Amino acid sequence: THAQCTSTTSSRMNNCHTNVNMDVTTPSVLNMSVVQQMTAQWQLDFTTEITFWSQFNGFDIKTPDAYLIENTIEKDWQNSTLFAVGSNYQFNTQWTVRGGVGYDQTPTIANTRDARLPDNNKILAALGATYQLNPHFRIDASYEHAFMESQHLNSATSSSTQRGFPDSGMPIPAQTPYQADQVSADYSGSA
């Protein structure tokens with residue numbers, strides 16, 4: 001690997017292009033659904049989905065040629081569960097309408113939640129329709145809205161593992177802070 005660095009005389013800071021490596025293991029998901037045909041036209045759907053976020057401890061970002069050799073963004077997330085109920089109603093051979101509501105737990109916990117992903121529990125609502133033009137072609141349309149619970153975020157982080165570039169003419173710092181972040185915010189919203 002090779003880092004390309006230039007030094008500015010006014011700020012004595014380096015602008016660098018370097019390789020970045022990161023391995024991410026996505027969590028397992030268990031989905032259980034039940035569909036009940038209530039009448040010839042009306043159908044009910046029930047879904048529970050568990051996402052095993054506890055397998056996901058965070059991001060280990062490796063930049064072997066940069067000041068920061070390795071940066072770990074710890075998440076320590078918990079498993080989350082989605083509960084949803086939906087319904088389909090077929091008016092005739094051409095038109096079907098559907099709708100549903102759900103509750104989606106956040107995997108984030110208060111002490112590791114930060115501004116990069118200010119997630120929280122959500123209530124979901126969805127509507128949709130299908131128009132069957134002929135036996136081979138149909139048009140589907142849907143809309144979903146997520147209402148996120150309000151939350152307060154107060155996060156402070158700092159990192160101090162650095163390494164200089166021997167060829168840049170810059171001194172190699174021993175152990176000096178390179179970054180400190182303080183975020184305090186109230187979040188509420190929908191999507």
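Trainee: What does N120 touch, not counting residues up to four places away in sequence?
Mentor: N120 touches T106, R113, M148, E149, S150 and Q151 once those neighbours are left out. Contact here means heavy atoms within 4.5 Å.
Trainee: And where does N120 sit?
Mentor: N120 is in the loop between β9 (95–104) and β10. Helices (H or I, at least four residues) and strands (E, at least two) are DSSP runs, numbered from the N terminus.
Trainee: Is N120 buried or exposed?
Mentor: N120 is buried, because its relative accessible area is 8% and buried means under 20%, with exposed over 50% and partly exposed in between (1.4 Å probe, protein chains only).
Trainee: Before I go on, what kind of model is this?
Mentor: This is a predicted model, where local features need pLDDT of at least 70 and side-chain atom pairs count only at pLDDT 80 or more, while totals for chains, interfaces and linings use all residues. Residues are numbered from 1 along each chain as its sequence is written, and side-chain values use heavy atoms, with hydrogens and water left out.
Trainee: OK, big picture then. How many helices and strands does the protein chain have?
Mentor: Zero helices and 12 strands. From the N terminus on, the elements run β-β-β-β-β-β-β-β-β-β-β-β.
Trainee: How much of the chain is buried?
Mentor: Buried residues make up 23% of the 191 residues. Of the contacts with a separation of 6 or more, 55% are between residues 24 or more positions apart.
Trainee: Now the pairing. How do β4 and β5 pair?
Mentor: Strand β4 (residues 29–37) pairs with β5 in the antiparallel sense, over nine bridges. Two strands count as paired if DSSP finds at least two bridges between them. A hairpin of four residues joins β4 to β5, and Q37 has Q43 in β5 as its bridge partner.
Trainee: What about β5 with β8, how many bridges there?
Mentor: β5 and β8 (residues 80–90) are antiparallel over 10 bridges. F46 stands opposite V85 in β8, and L44 stands opposite S87 in β8.
Trainee: And how do β8 and β9 pair?
Mentor: β8 and β9 are antiparallel too, over nine bridges, and a hairpin joins them through four residues. Q90 stands opposite T96 in β9.
Trainee: Why does W42 count as partly exposed?
Mentor: Because W42 has 32% relative accessibility. W42 is in strand β5 (residues 42–51).
Trainee: Last one, T130. Where is that?
Mentor: T130 is in strand β10 (residues 122–134), and counts as buried at 6% relative accessibility.
Trainee: Which side chain does T130 join in a polar contact?
Mentor: The side chain of D140, at 2.4 Å. A polar contact is a pair of N or O atoms within 3.5 Å; within protein, one must be able to donate a hydrogen and the other to accept it, and residues adjacent in sequence count only if both atoms are side-chain atoms. Leaving aside neighbours within four places in sequence, the contacts of T130 include W95 and T96.
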